[in-house]
Amino acid sequence: MKIRLYTPGPTPVPPDVLLEMAKPITHHRLPVFEKSFANVNKLLKTLFQTQKDVFTLTSSGTGGMEACVANLLRREDRALVVRGGKFGERWGELCEAYGVKFVPIDIEWGKSVDPRQIEDALKVNKGIRAVFTTHSETSTGALNDIRAIGEVVRRYDCLHVVDAITGIGVHDLKIDAWGIDAAVTGSQKGLMIPPGLAFVSLSDRAWEAVGKSDLPKYYFSFEKARKALSKGQNPFTPALTLIMGLEIALKLIEAEGLDNLFKRHARLAEATRIGVRALGLRLLADHPSNVLTAVRVPEGVDGQALVRYLRNDLGILFAGGQDRLKGKIVRISHIGYIDDFDILVAIAGLERGLKQVGHDVKFGTGLAAAQDYLGSN
Ligand SMILES: *Cc1c(COP(=O)(O)O)cnc(C)c1O
């Protein structure tokens with residue numbers, strides 16, 4: 001059976017990237033690798049829209065998030081955490097793991113945070129050292145306004161740390177211009193390579209905080225990463241096969257151009273939303289991100305059965321809902337190496353799946369709407 005990934009990580013990997021990673025293994029202290037790593041670091045800066053170094057860590061995205069908590073804070077620091085889904089909650093869990101007290105802002109899942117809520121919390125709670133936010137909350141499909149949040153945070157003496165794991169490469173995110181102190185992404189999302197790498201950008205303010213941090217760390221030390229990077233290296237053995245693939249993926253992104261990259265994702269996301277709505281279904285998010293479309297499963301339909309049928313019988317991998325959203329939504333991702341016809345397959349699959357689980361569907365309704373939009377936009 002042909003497997004089609006519509007999961008918000010891992011995402012499909014372009015053939016050129018796969019071929020590069022199939023080459024014989026090299027060694028990470030050889031000039032051939034150093035040359036390619038230098039190119040990767042240059043291209044990562046373009047993607048992050050920053051002049052500062054972007055650090056490559058050998059872990060999934062969560063490792064990059066953990067590194068931010070462990071390297072930017074002190075034991076006695078207090079943080080502000082926006083929790084609007086599973087990944088916002090993760091920032092809180094990481095703070096807990098390091099014994100850092102935090103003030104949560106809980107947002108109904110599917111909603112985006114209002115920057116005024118952050119302003120209010122920073123006013124009331126004096127001495128907050130870092131605000132942890134999520135760019136695109138992958139568990140709900142909601143997009144947060146990082147630029148507006150950044151304007152609020154900048155008025156206070158604290159850091160703005162963003163989980164941009166699915167946002168980067170999909171939505172415009174100006175790290176330097178918007179004053180983001182730390183941003184994290186992962187390899188298996190918009191970067192179109194397999195899982196295993198995390199990337200973190202750090203501002204000058206963030207580096208000052210690194211100098212003061214007294215939380216325990218060893219492998220995920222930004223100081224170690226900086227020292228190694230100054231010699232064009234990693235502190236430990238990097239996942240060099242992934243870095244080889246990454247160079248190709250970043251070149252593809254460079255060739256497309258950031259503006260076109262954002263426009264492509266916006267167009268494909270809009271086509272998905274149009275197709276879904278034409279089927280009479282509703283979205284979960286009020287401000288949906290272009291990363292994925294979280295669709296509310298119609299009343300009386302078992303969302304888990306729908307996802308299971310699509311996966312087992314059709315090879316179409318949508319993601320279901322997590323935690324409180326289990327069985328209630330399906331998430332269709334359109335991130336990375338995705339084109340018009342991937343979207344049409346997703347909508348066609350959704351129609352087939354809905355009918356299979358007993359929902360009344362007229363085949364072609366969603367498909368026609370998506371075709372109409374894609375054919376004329
Ligand atoms: C995927 C994802 C993560 C977690 O990344 P892992 O690579 O699974 O560790 C964190 N935040 C967001 C928003 C994500 O989409």
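Predicted model: local features only at pLDDT ≥ 70, side-chain atom pairs only at ≥ 80, totals over all residues.

Student: Which side chain meets that of Asp-204 in a salt bridge?

Tutor: Side chains of opposite charge can pair when their charged atoms come close. A salt bridge here is a side-chain nitrogen of Lys or Arg within 4 Å of a carboxyl oxygen of Asp or Glu. The partner of Asp-204 is Lys-52, at 3.1 Å from N to O. Asp-204 lies in helix α7 (residues 204-212) and Lys-52 in the loop between α2 and β2 (54-58), so the pair ties together parts that are 152 residues apart in sequence. Helices (H or I, at least four residues) and strands (E, at least two) are DSSP runs, numbered from the N terminus. By the salt-bridge rule the count comes to 20.

Student: Which domains does the assignment give?

Tutor: Domain bounds come from an automatic or database domain assignment. Here the assignment gives domain 1 (15-255) and domain 2 (258-376), with C-alpha centres 28 Å apart.

Student: How many residues of each domain are in contact with the other, and what area is buried between them?

Tutor: Contact means heavy atoms within 4.5 Å; 27 residues of domain 1 touch 23 residues of domain 2 in this sense. Buried area is the accessible area (1.4 Å probe) that two parts lose on being put together, summed over both. For this pair of domains the value is about 2,200 Å², with carbon and sulfur atoms giving 62%. On the domain 1 side, Trp-109, Gly-141 and Val-170 lose the most area to domain 2, together 26% of what that side buries.

Student: How many salt bridges are counted between the two domains?

Tutor: The count is three. Asp-323 forms a salt bridge with Lys-86, and their closest N and O atoms are 3.5 Å apart.

Student: Which residues come nearest to the ligand?

Tutor: A residue is near a molecule if one of its heavy atoms lies within 4 Å of it. Of the 13 residues around the ligand, Ser-60, Thr-62, Thr-138, Asp-163 and Lys-189 come nearest. A side-chain N or O atom of Ser-60 is 2.5 Å from a ligand oxygen atom. For Lys-189, the corresponding separation from a ligand oxygen atom is 2.8 Å.

Terms used:
Residues numbered from 1 in each chain as written. Heavy atoms only, no water. Polar contact = N/O pair within 3.5 Å; in protein donor to acceptor, adjacent residues only side chain to side chain.
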